[in-house]
Amino acid sequence: MLRIRNLVSGYGNLTVIRSASLHVKAGEIVTIIGGNGAGKTTLLGTIAGIISAREGEILFENQSIAFLSSEKITAHGIALVPEGRQVFASMTVLENLEMGAYLRYRKGEKDEIASDIEKMYSLFPVLKNRKHQRAGTLSGGEQQMLAIARSLMARPKLLMLDEPSLGLAPIIVQQIFAIIKELRALGNTILLVEQNAKAAL
Ligand code: ATP
């Protein structure tokens, strides 16, 4: 599904990713493990089109996406759950889910979106109980669930997760990883970056 060859990327004069290559097949969870500053977020940001690739190839379903805008990459079917969740704090849980389906509203998929919101509520029951609560007032674990659900609302072919365990208590980390396994069982393809090697493996 995703094939990266000899990717080079970074910021200004700083090269962070030097000749990275990897592939993700449909239905897999692929994990990239690395410590602080290893370049994990930079790699996912480059795939998502938030950071420009300098050299190399990023093929998604055999099409080059290396130099496309992030909006076009989202439309191709790649969604990023960013590090630190980055939910829309002043919007409600429901509004965050609707934002995840932004491109689909433009295509007129209103009924399917409503049914996907219900699916998110059955996958993450805590979100249903808090649908009218502002996202910024959720706990860290609840915000992580919302960030994952928001990305799933785009119906991505590839879901990229940037350190979902960050700053969460061990019991919540276990819950989040159980959900990630469940997502794969439901047919999702996942690229996961983590510092928590034990949980990720
Ligand atoms: P962490 O686990 O701490 O999030 P990471 O593996 O995700 O780390 P990155 O965030 O990709 O690492 O950072 C890789 C390197 O790029 C670091 O040296 C960082 O200081 C640098 N860097 C990240 N963002 C920028 C930026 N916007 N401008 C300049 N340098 C940056």
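## Around D116, and the rest of the fold

D116 touches R104, M153 and R155, leaving out residues up to four places away in sequence; a contact here means heavy atoms within 4.5 Å. Before going further, note that this is a predicted model, where local features need pLDDT of at least 70, side-chain atom pairs count only at pLDDT 80 or more, and totals for chains, interfaces and linings use all residues. Residues are numbered from 1 along each chain as its sequence is written, and side-chain values use heavy atoms, with hydrogens and water left out.

So where does D116 sit? It lies in helix α5. Helices (H or I, at least four residues) and strands (E, at least two) are DSSP runs, numbered from the N terminus. D116 counts as buried because its relative accessibility is 4%; buried means under 20% relative accessible area, exposed over 50%, and partly exposed in between (1.4 Å probe, protein chains only).

M120 is in helix α5 too. With 8% relative accessible area, M120 is buried. Setting aside neighbours within four places in sequence, M120 is in contact with L97, A149, L152 and M153. M120 and R150 are 30 residues apart in sequence, with 8.7 Å from C-alpha to C-alpha.

Now for the cores. A nonpolar core is a set of buried Ala, Val, Leu, Ile, Met, Phe, Trp, Tyr and Cys residues joined through side-chain atoms within 4.5 Å. The largest one has 34 residues, and F124, I148 and L159 have the most contacts inside it. Elements giving two or more residues to this core include α5 (110-123), α7 (140-152), β7 (158-162) and α8 (170-185). L159 touches A79, V81, I148, S151, L152, L183, T189, I190 and L191, again not counting residues up to four places away in sequence. There is also a second, separate core of 24 residues, with L2, L7, L43 and L44 among them.

Next, the sheet. Four strands make an open sheet in the order β2-β1-β4-β5, with antiparallel pairing. Two strands pair if DSSP finds at least two bridges between them. Which strands stand at the edges? They are β2 (14-24) and β5 (63-64); each has a single partner strand, so one side of each is left without a neighbour in the sheet. Here are two of the pairings:

| Strand pair | Bridges | Residues standing opposite |
|---|---|---|
| β1 and β2, antiparallel | seven bridges | L2 and V24 |
| β1 and β4, antiparallel | six bridges | V8 and E55 |

β1 and β2 form a hairpin with two residues between them, and G12 in the turn has a positive phi of about 50°. Helix α1 (residues 40-47) lies across β1, β2 and β4, running at about 115° to β1. That angle is taken between N-to-C directions, from 0 to 180 degrees, with axes as lines fitted to C-alpha atoms, for helices over the stretch in contact.

Finally, the whole protein. Its secondary structure comes to nine helices and eight strands. The radius of gyration is 16 Å, close to the 17 Å that the globule rule gives for 201 residues, so the protein is as compact as a globular protein of that length. That radius is taken over C-alpha atoms, and the rule is 2.2 Å times the number of residues to the power 0.38. Of the 201 residues, 46% count as buried. Among contacts between residues at least 6 apart in sequence, 68% join residues at least 24 apart.
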